[in-house]
Amino acid sequence: MDIKNADFTSIFNVASLQNRHLVDLHWFTLAICVLIAFVVTGLLIAVIAKFRTPENDDGSEPRQIQGNIRLEIIWTAIPLLIVTVLGVLTAIVMLVVNPPVGNKQPDVVVIGHQWWWEYRYPKLGVTTANEFYLPVGKNTLFEFRSADVVHSFWVIAFGQKMDAIPGHPTNMWVHPIKTGKFLGTCSEYCGAQHGLMRIIANVVPQEEFDTWIEKQRAVPEQPTDPAAVRGKELFNSATCVECHRVAGNEDAQALIGPDLTHIAQRETLGTGVLANNTENLKKWMQNPQTFKPGVNMPKMRLTDEEAQDIAVYLESLK
Amino acid sequence: MTGGTIHTHKPVNWLAEVPEYQGILSWLTSIDHKQLGILYILSAFGFLVVGALMGLTIRLQLMFPMSHVVSQEVYNQIFTMHGTTMVFFVGMPLLFGFAVYLTPLMIGARDMAFPRLNSFGYWVYLFGAIMLFFSFLSGGAPAAGWFAYPPLSEKGYLFNNGQNYWALSLFVTGIGSVATGVNLIVTILTMRAPGMTLKRVPLFVWMILMDGFLVVFSLPALNAALVMILFDRTLNTKFFDATVGGSPLLWQHFFWFFGHPEVYILILPGWGAISEVIPVFSRKLLFGAGVMAASTVAITFLSFGVWVHHMFAAGLGFAPLYIFAVTSLLIAVPTGIKVWSWLATMWGGKLRFTVAMLHAMAFLIQFTIGGLSGVAFAVIPLDWQLTDSYFVVAHFHYVLVGGMLFSLISGVYYWYPKVTGRMMSETLGKWQFWLMVFGFNGTFFVMHILGVLGMPRRVWTYPLGMPGWAELNFFSSCWSFVLVASMLLFLYNLVWSFYHGKIAGPNPWNAWTLEWLADSPPIGENFERVPVVRSRRPLWDLQFGSGGDGEHHA
């Protein structure tokens, strides 16, 4: 799905304080590298222009020079100096960007699954999937875990990426400095749908974030619309509840697939592959494999009417 | 050196007429390092075509957003096989081919120290390669990427046999590689011509010696890891299963402990070739040969201490990461020394722009770009931005195609007359060279930008509307056709020149190392008589009486 309202995806589109430091270091390193590349290219061009064998060459051999110790010391010392400077800057930026975490509790726990993302806000008691929110101007501590294979979390405009490795929780700080919708994709090859395991980060003002949290905490109202009531029954009697959770629906408490408690609030389905609306949700349930081949959700054997009812139920979960 | 009385047959000047090489059986049963070298190189080129076509399939799939040229299942198998093939079945045999063909000739020996082990290495490699490709027929090729991170490569996530074939095949090939590595070390240490001290071996041989050590000390780490993953998959051990106390990170450490030296294993023979080609076509002694040799030793040591830079985004904590940032930065210094030495060799020379030399000069620029983009991965904060993106794909193709492949193709143009007795076509060669320069840079340069724009590697497809992704991918895919065409033209040149090339004679380039003293193609025992070596350039001494080591300037 083409997400049109997203911010420009580039590591130079600085959306976090951390990425500001990374980008500064990036320009500095890039300038040095471009300079060296120009020097080497320039020297090669000069050599080609100056030392081609002349037309009327007498066949004699040029002067045979073994080496030049002074020159060799210079071209060892200057690179050494450059890498020393880069080494010092590396240490400074590393410590500024990712200071030691100690025993701090993370603000957001991200769990990579094949092929979707689970987001938990342990301090706020919220669990959601695939689209998450951050308040602007607040340094947020992330923790990454994996439920299956190695994934890597990379919101491009936040700069850094961090792997999610089974049995090895990792951390990263993100201090968003501008609001907007920022995209990313899983960056460690994780199997069939690696390329469509998208990340959608919404950075919003604090008040808006608080409102979002409130909504996430609220238990959705029980359906009253007859189609939605039928949908809920079907949802609970079909195999949906073997994997999915919906708060307030005591039959649906499984934690294998994405939490669907407030699915109607999300913009996309299938981790960013489809726009979220009743029609797409219905098609998705009838055969998710057409949109995301290899996805772990099986093809549900639902009639059009059944799928429609379940879709209406889920789309009522605001 | 021709026409001696020792010959029982008249000297020949074309490979196809060598009496010992007549008939298939002579090739299948050969323990001659020259035949085995040719077999290695031809096999490598065969797999290069296969690997390039897989690469082309990847480019076709990525040419347009949300396209469906191949299914994601096939795509994942293809990029896995592309990487595995290019590293293990193109890169390794290509360098071993050069190494086993040239090393004995360049040090004045009759053959490798262990000719049968040499033959074992080749056939085991070919067997391993065929076994891996057989997996396509067994229900699916491996699909966990060329570094096969568990748990994805465990049977819980990839349950077809492909991954087992992958582990077994690389294990078998790896045994052959270690055998060849040992063979090269022993040959170089014990079989040099009289007077050829280690300070006087050609730079190519010096690089191969270091390469031998790299192979012998790094491949066992891979082999051990392959046995573990194979046991995990077939005997239910739990080496890499975090749920019961195993560790997926353990694999990453094992793999990259092999994987980073592997990069230098692949590039060292290329550097060696360049260090022979540039002096000969500049008509000068290699500048700072001693420092060049010493910097290679430094790289060999350092390359065993940089592997964690492949894991900078794995959250290992400040201290372990930083140590490896320092070593990774340091390794840039000896690498830089080489580039300056090659440039200084050309300075003040009389340059001859043969096709071999053109490739060497393109190598210099492309390898420098690949080296500089590598510095970006040593600076850890930049690594956090760029790792696992298309920037990495650009980086290692600049090193391995722009660097290794260009330098070894340069070597093919340079040594082809020695191997076959005929010159390669310079006209076809120049066409091939320019097509390859544009094809290669057109395909891979834009990938740097794709990485900066956030495109992760190994994605089957990408959505519409990502800024620049569609345009840059389209651009890259178009040039990839030119790149593949240039490779095919190169292979065509190999065949055409074999039948129509000018007869070369022993020393067509007026070069200075011992292999040019032998006939082209060399006789079975390589040399009838080897002169006492008194400098780095024995043939210069033969021509001028002395001065092979040049004059010294403080």
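How many residue pairs are in polar contact across the interface of domain 1 of chain A and domain 2 of chain A? Keep that question in mind as you walk through this predicted model.

**Stop 1: where they touch.** Now show the residues in contact: 17 from domain 1 of chain A meet 17 from domain 2 of chain A. The size of an interface is often given as the accessible area lost when the parts come together. Here the two domains of chain A bury about 1,400 Å² between them, and 50% of it is on carbon and sulfur atoms.

**Stop 2: pairs across the interface.** Time to settle the opening question: the rule finds 10 residue pairs in polar contact between domain 1 and domain 2 of chain A, with both residues at pLDDT 80 or more. It also finds 1 salt bridge across this interface. Select A:Glu267 and A:Lys181 and show their side chains: they form a salt bridge, with the closest N and O atoms 2.5 Å apart.

**Stop 3: the domain 1 side.** Stay with chain A and select β3 (116-121), β4 (126-129) and β11 (198-204); each supplies at least two residues of the side of domain 1 that touches domain 2. The largest share, 3 residues, comes from β4(A). Finally, colour this side of domain 1 of chain A by residue type, and you will find 8 nonpolar, 6 polar and 3 charged residues.

Key: Residues numbered from 1 in each chain as written. Chains lettered and ligands numbered in written order. Predicted model: local features only at pLDDT ≥ 70, side-chain atom pairs only at ≥ 80, totals over all residues. Heavy atoms only, no water. Contact = heavy atoms within 4.5 Å. Buried area = accessible area lost by both parts, 1.4 Å probe. Salt bridge = Lys/Arg side-chain N within 4 Å of Asp/Glu carboxyl O. Polar contact = N/O pair within 3.5 Å; in protein donor to acceptor, adjacent residues only side chain to side chain. Helix = DSSP H or I, 4+ residues; strand = E, 2+ residues; numbered from the N terminus. Nonpolar A, V, L, I, M, F, W, Y, C, P; charged D, E, K, R; others polar.
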